[in-house]
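Here is a set of questions and answers for someone meeting this structure for the first time. Please look over the sequence and the model before reading on.

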Amino acid sequence: MLAGEGDHFCSGLDLSELSARDAAQGVAHSRSWHRAFEHIEFGKVPVVAVLHGAVVGGGLEIAAACHIRVAEGSAYYALPEGSRGIFVGGGGSVRLPRLIGTSRMMDMMLTGRSYDAEEGQAIGISHYLVAPGEGLAKGIELAKRIAGNAPMTNFAVTQVLPRIAESDPATGYVTEALIAAIAQADGEAKSRLKAFLEKRAPKVVHKKTVRNKT
């Protein structure tokens, strides 16, 4: 679980740090962000982020590195780097276009456009949208559900799926076949499949979500 204290998730970089930083130091700083966020995206466990208030600049880059994003109604998103004369440095130019498209990211940076929580949900920033104050409970619910999966399945989804998505189709198909074979041969998978076939495991049930409008 990744959540922010106070009124905001994260409003990004302390811009005062940039005044005395030269180009070489800027590259080193950006690369340190890359390494840190790679530990989120490709770490040992899936990460659920709970977003509220400002999810701006580097804060949006942190959120993009997480696997599941729950937004409260107070959340809003922006990339003010364009108006500050700088550029994203925490992997945003790689991760955000995959979520919202390159053209939308261009718009955010060139014009200063921001998105509220509902707009962010519509364009793909968040997976779930809940009322203010309900994000942590929803995040914990999802984290528990994820933790209940077979470890090999979680590994395949967080580590292999992104690589397949970025590979050429032929490589993707072969990689998929290999990880599918490894996952289904795992002892945990065997016991879960046995439970399902013996009708001891729950079936998939679709629950409609009704959102009250005020």
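## Charged pairs, a pocket and the surface

Q: In this predicted model, which residue forms a salt bridge with Lys138?
A: The closest N and O atoms of the pair are 3.5 Å apart, and a salt bridge is counted when a side-chain nitrogen of Lys or Arg is within 4 Å of a carboxyl oxygen of Asp or Glu. Both partners lie in helix α7, three residues apart, which is about one turn of the helix. The partner of Lys138 is Glu141.

Q: Which residue is joined with Lys138 and Glu141 into one network?
A: Salt bridges that share partners build this network, and Glu141, one of its members, is partly exposed at 35% relative accessibility. The residue that joins Lys138 and Glu141 is Arg145.

Q: Is Glu166 buried or exposed?
A: Exposed means a relative accessible area over 50%, and buried means under 20%. Because the relative accessibility of Glu166 is 51%, this residue counts as exposed.

Q: Which element supplies the largest share of the lining of the largest pocket?
A: The largest pocket holds about 490 Å³ of space, and of the 20 residues that line it, the closest to its centre are Glu41, Cys66, His67, Val157 and Pro162. At least two lining residues come from each of α2, β4, α4 and α8. The largest share, seven residues, comes from α8.

Q: How many residues in the lining of the largest pocket are nonpolar?
A: Sorted by class, the lining includes four polar and five charged residues. The nonpolar residues in this lining number eleven.

Q: Is Leu142 buried or exposed?
A: Leu142 is found in helix α7, and its relative accessible area is 4%. Since the cut-off for burial is a relative accessible area under 20%, Leu142 is buried.

Terms used. Residues numbered from 1 in each chain as written. Predicted model: local features only at pLDDT ≥ 70, side-chain atom pairs only at ≥ 80, totals over all residues. Heavy atoms only, no water. 1 Å grid on protein atoms, 1.4 Å probe; cavity = no way out; pocket = protein on both sides within 12 Å on 5 of 7 lines; lining within 4 Å. Points joined across faces, edges and corners; volume = space filled by probe spheres on them. Helix = DSSP H or I, 4+ residues; strand = E, 2+ residues; numbered from the N terminus. Nonpolar A, V, L, I, M, F, W, Y, C, P; charged D, E, K, R; others polar. Buried < 20%, exposed > 50% of the residue type's maximum accessible area, 1.4 Å probe, protein only.
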